[in-house]
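Visitor: Hi! Could you walk me through this one in plain words?

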Amino acid sequence: MKPAATLWPRWPGWKHLPREARDTLFLLAVIGWTVMPHLSHLPAWCGLLCGIVMLWRGRIALANAPLPSRWLVVAVVIAASALTVMTEHTLLGKEAGVTMLVLLMVLKTLELRARRDALVIFFLGFFLVLTNFLYSQTLLVAAAMLVSVWGLLTALVLAHMPVGQPTIRQAGGLAARAALLGAPVMVVLFLLFPRIGPLWGLPQDAGAKTGLSGELRMGNIAELATDESIAFRLRFDGEVPPAQAMYFRGPVLERFDGVEWRQRDPFAQGFPPPAAELRPQGAPTGYEMTLEPSRLALLPLLDATPDTAQAAPRIEGVRAMQWPDLHWVTDRPLNDRLRFHVLAWTHFEHGPRRGEMALRSDLELPPGYNPRTLAWAAQLRQDPRYANASPDVLAGAVLQHIRNGGFTYTLAPGEYGTHAVDEFWLDRRRGFCEHFAASFVVVMRALDVPARIVTGYQGTDLAPADGYWVVRQSHAHAWAEYWQPGRGWVRADPTAAVAPDRVERSRHLAPRPGIVAQALGSWSPELLTQMRKGWEAINNRWNQWVLGYSQKQQLGLLERLGVQSPNWEDLSLMLIGLLSTGALLGAGWAWWDRHRQDPWQRLMGRVRERLTALGIEARPHEPPRTLAAAVRRRLGEPGHALAEQLEALDRLRYGHGAVAKPQPAWWRGFAAEAARLRRLASG
Amino acid sequence: VNPIARRWRAWWLARLPLTDSWTLTQGNIYIVPTRAGFVYAITLGVMLLASINYQLNLGYVLTFLLAGSGLMSMHLTHRTLRGLTLHLRPPQAVFAGEPAPLEIVVYSAGSTQRGAGPPQAGLRPSRRADAVLRGRVSHHRHGIGLCVQDEGVSYDDVPWVWIDVPAAGQATAHLSFVPAARGLHAVPVLRAETRYPFGLFRAWTVWRPAAQVLAYPAPERPAVPLPPAHAVGGEALRSRASEGGELEGVRAYQRGDTPRRIVWKKVARSGELVSRDTRIATQQELWLDYQGTQLPEAEARLSRLTAWVLAADRAGIAHGLRLPGVELSPDQGEAHRREALRTLALWAPAR
């Protein structure tokens with residue numbers, strides 16, 4: 001027994017692989033490349049299963065072994081579906097859907113028997129490429145997926161080259177050419193296909209950027225903190241509010257299940273949420289906001305903007321609404337850059353002054369989570385100083401604890417487990433805004449004070465550029481609000497207690513640079529800056545021209561083309577017009593091509609016609625020589641001249657110094673001679 | 001097959017010209033999406049919906065790129081066939097029930113042999129003419145399948161023969177069909193098809209070759225021994241054969257002499273092809289008679305006669321053939337055998 005040899009067949013070298021094995025391995029490589037970007041957010045078991053199955057399939061291809069039985073594959077599919085339900089709690093929705101798609105795709109390779117099976121893989125593959133864009137649409141992902149599409153098309157071409165052993169390079173070239181030919185159609189459709197809103201309600205997880213999507217799980221905002229792209233720009237009418245007031249309100253998270261924080265479901269049964277009851281104080285701050293496309297249905301306005309005709313944002317084509325928790329939403333995800341004017345009161349009170357039943361849900365803590373933190377809070381409560389203290393006093397005490405308890409603000413706090421708050425609050429004490437805010441809220445609730453998390457942005461770049469204050473994704477922040485009888489909701493930013501810089505000077509923490517950047521930075525900081533600038537410029541173009549291309553840009557394009565006040569109907573008309581023109585051109589070309597022949601072929605057709613008229617049988621495969629012989633046989637002496645002309649044609653076509661195209665003079669001579677013979681025959 | 005479809009097909013096929021040289025143009029290539037093509041379209045539809053609902057601009061890019069490539073693949077599929085010329089080499093005669101080989105030469109546009117039938121020495125267009133044609137109308141074509149169209153066979157079971165045709169070159173495909181009965185058979189309708197490059201479209205052409213295949217009667221198996229032969233002028237000839245030590249009765253080689261009849265010793269000595277003289281080698285002659293087969297049925301009699309003709313030819317015995325209304329005088333050799341088989345193949349009983 002040779003275990004090593006039986007476990008893995010010998011690698012014969014790429015050039016010596018049998019065609020079948022080579023094509024299968026190529027397809028496996030393409031599938032692996034397409035699945036790879038998904039691995040970061042797929043459950044670990046799924047990645048492991050994919051790896052095992054693909055190695056198994058590769059081994060089968062190399063050893064030319066039989067494929068596993070269908071029942072085994074079905075059993076694995078059922079097991080994988082069960083695992084998906086266990087990890088995702090559903091088979092629907094984005095995460096579960098992508099998991100299942102990846103699994104089906106990989107398992108289908110075990111069934112690659114016939115060409116039809118192969119086609120299923122290709123179509124699943126194209127869809128899988130699309131799902132990658134749900135997570136990221138950066139230039140890098142686009143380039144990687146372009147490789148995937150090319151690979152899939154190449155494998156498709158290979159499947160339709162049944163003869164011999166065409167090289168991958170050959171098939172790849174042909175696939176690339178087909179894709180290039182298709183590129184003009186793509187450009188026209190991309191530019192002119194009318195962009196419409198989602199056709200039906202989007203699932204909760206549709207947001208491309210997860211940070212402000214209305215859910216919070218430890219680690220979410222850290223993703224945003226690494227994102228230096230611009231969220232919005234501000235230009236203030238008058239005085240610029242101080243940095244401590246620069247809170248831009250996003251979703252307010254009130255429900256906590258032990259792992260995730262979510263927004264209060266406005267349609268849930270039970271008590272309706274307490275009314276906003278916004279009570280602005282002092283003079284308003286007017287400003288103009290330029291919001292970059294966020295693909296979220298959210299307006300992160302400066303806290304607080306009342307829902308009055310004078311203050312609220314008015315945006316064409318978008319309906320903006322204020323939730324009772326004061327944050328502003330829109331009726332559709334924002335894919336255009338928007339510009340609008342708003343009034344905000346940075347001094348305000350809000351929320352019910354008296355206790356309400358509705359506030360009870362802001363006291364709920366999931367049982368079984370973070371027991372040590374609850375015990376810590378109970379102990380604080382037993383302190384006689386705080387026995388009957390007001391929420392303000394309690395909040396002050398908790399913030400004091402954060403300030404003096406040895407907490408550290410860091411963007412790289414490491415992974416937290418099930419009792420994340422316990423771990424953070426009592427053991428590791430390292431985290432950033434979301435850890436501080438979440439722990440603060442849990443502790444306040446444990447102290448019987450209604451409290452909730454507010455997500456949004458905090459702060460701006462240090463200095464305005466061209467009069468615009470820039471807020472970046474890295475300014476994303478989470479803070480807390482607790483309820484004080486008589487005043488309503490009160491903002492408390494526990495992060496400010498430990499890292500006052502973060503709030504007062506609006507300095508966001510930059511993530512640590514990677515190894516390459518570090519090395520490059522120490523060698524030539526200037527080059528690094530230059531490269532970063534160039535890359536940012538390219539990315540900016542990409543964002544503007546490709547990702548930011550929307551109905552507004554479409555209509556702008558039409559306007560530049562000279563259409564007066566265009567709308568989407570003009571867009572459709574133009575698209576239909578262009579496509580029909582293309583189709584007509586294609587049909588016209590086909591018609592022309594139908595009559596296009598090899599000039600020699602056409603000439604021979606005419607020669608045959610004339611000869612047939614003279615009663616000489618001329619078949620298509622006979623060269624002029626043979627026809628000349630036939631003429632001599634049939635017509636004898638009178639046909640001598642005609643036969644000589646045919647022999648001349650033979651020399652023109654095939655002889656020494658043959659010409660590329662038949663000469664019109666020859667045809668004239670031949671036709672005249674043929675006509676003379678016909679007259680002779682009839683007369 | 002339902003009768004209306006069959007009549008429709010018959011009518012449609014009857015419209016096609018009978019020709020041994022079939023040039024594929026816009027007019028005789030048909031193209032439709034395959035089932036895979038429809039599935040592709042549905043996939044793209046779902047991808048477009050996903051792009052709209054998740055507002056993915058890159059999703060639009062991907063969907064439209066695939067749509068454009070798919071659309072262009074229609075053109076590429078059609079182009080794979082357009083400009084080809086299919087040429088059927090004159091088929092050989094076979095015995096009924098045996099596969100008749102069909103040799104089909106596929107010339108690409110601009111092929112040097114185009115329009116001139118089989119390759120002929122000395123017939124080449126100039127290099128310049130060649131280059132013009134290559135650049136303009138010729139390209140390498142992949143994955144062209146040819147088959148004999150048979151209504152009784154489901155689409156997946158068709159025995160395709162796949163070929164690639166190089167630019168301005170040619171390729172040969174070997175097909176076959178089985179004539180069930182003796183007689184002259186039209187070559188069945190042939191079909192050339194391609195799904196290259198993506199399998200989303202299927203382009204095909206239907207070709208009715210003009211050539212006919214002669215099917216001899218199937219020889220009876222197991223063979224029955226030859227009927228008794230009558231000696232003819234044996235004595236005189238035999239005496240001549242006994243004279244001298246050397247083999248006598250040789251003559252110059254004639255076309256149709258089998259290798260067995262060539263006197264190789266003499267060939268080696270003189271350098272000229274010489275054969276045994278038939279009149280000497282055969283001392284008996286044989287009449288193969290329709291009436292002498294002692295079988296009730298006409299086709300069975302013809303089968304037995306065929307087997308006898310073959311046996312007699314193998315044995316080198318001069319044999320004549322006597323059918324009602326036809327008589328072939330005794331002789332032997334390749335030409336005679338062919339004539340005898342041909343007579344058997346085409347004989348029809350008098351009414």
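Guide: Let's begin with T85(B), which is buried, at a relative accessible area of 5%. Buried means under 20% relative accessible area, exposed means over 50%, and partly exposed is in between, using a 1.4 Å probe and protein chains only. Keep in mind that this is a predicted model, where local features need pLDDT of at least 70, side-chain atom pairs count only at pLDDT 80 or more, and totals for chains, interfaces and linings use all residues; side-chain values use heavy atoms, with hydrogens and water left out. Residues are numbered from 1 along each chain as its sequence is written, and chains are lettered from A and ligands numbered from 1 in the order in which they are written.

Visitor: Which strand does T85(B) lie in?
Guide: T85(B) is part of strand 3 of chain B, residues 85-88. Helices (H or I, at least four residues) and strands (E, at least two) are DSSP runs, numbered from the N terminus.

Visitor: And what does the side chain of T85(B) make a polar contact with?
Guide: The partner is the side chain of T23(B), at 3.2 Å. A polar contact is a pair of N or O atoms within 3.5 Å; within protein, one must be able to donate a hydrogen and the other to accept it, and residues adjacent in sequence count only if both atoms are side-chain atoms.

Visitor: New topic. How many helices and strands has chain A?
Guide: Chain A has 23 helices and 18 strands. It has 683 residues, and 48% of them count as buried.

Visitor: How do helix 12 and helix 13 of chain A cross?
Guide: The axes of helix 12 (residues 420-428) and helix 13 (residues 433-446) of chain A come within 10 Å and cross at roughly 100°. That makes helix 12 of chain A roughly perpendicular to helix 13 of chain A. Axes are lines fitted to C-alpha atoms, for helices over the stretch in contact, and angles run from 0 to 180 degrees between N-to-C directions. Under 35 degrees counts as roughly parallel, over 145 as roughly antiparallel, 65 to 115 as roughly perpendicular, and the rest as oblique.

Visitor: Which residues meet there?
Guide: From helix 12 of chain A come V421(A), F424(A) and W425(A), and they meet H435(A), F436(A), S439(A), V442(A) and V443(A) of helix 13 of chain A. Contact means heavy atoms within 4.5 Å. By class, this contact of helix 12 with helix 13 of chain A has six nonpolar, two polar and no charged residues. Ala, Val, Leu, Ile, Met, Phe, Trp, Tyr, Cys and Pro count as nonpolar, Asp, Glu, Lys and Arg as charged, and the others, Gly among them, as polar.

Visitor: What about helix 10 of chain A, how does it cross helix 12?
Guide: The axes of helix 10 (residues 371-382) and helix 12 of chain A come within 7 Å and cross at roughly 60°, so helix 10 and helix 12 of chain A are oblique to each other. The residues of their contact divide into five nonpolar, one polar and three charged.

Visitor: Okay, P494(A): buried or exposed?
Guide: P494(A) is buried, with a relative accessible area of 0%. It lies in helix 14 of chain A, residues 494-498. Leaving aside neighbours within four places in sequence, P494(A) is in contact with residues including F436(A), A437(A) and F440(A).

Visitor: Where is the peptide bond from Y196(B) to P197(B), and what form does it take?
Guide: That bond is cis, with omega near 5°, and P197(B) is in the loop between strand 10 (190-194) and strand 11 (201-207) of chain B. In chain A, the bond from D303(A) to A304(A) is also cis, with omega near 0°.

Visitor: And what is the phi of N64(A)?
Guide: Phi of N64(A) is near 55°, a positive value in a residue other than glycine. N64(A) counts as exposed, at 69% relative accessibility.

Visitor: Last one: where is confidence lowest in chain B?
Guide: In helix 5 of chain B (residues 234-242), with a mean of 39, while strand 2 of chain B (residues 30-33) is highest at 94. This pLDDT is the predictor's confidence in each residue, from 0 to 100. Where pLDDT is low, the predicted coordinates should not be read in detail.
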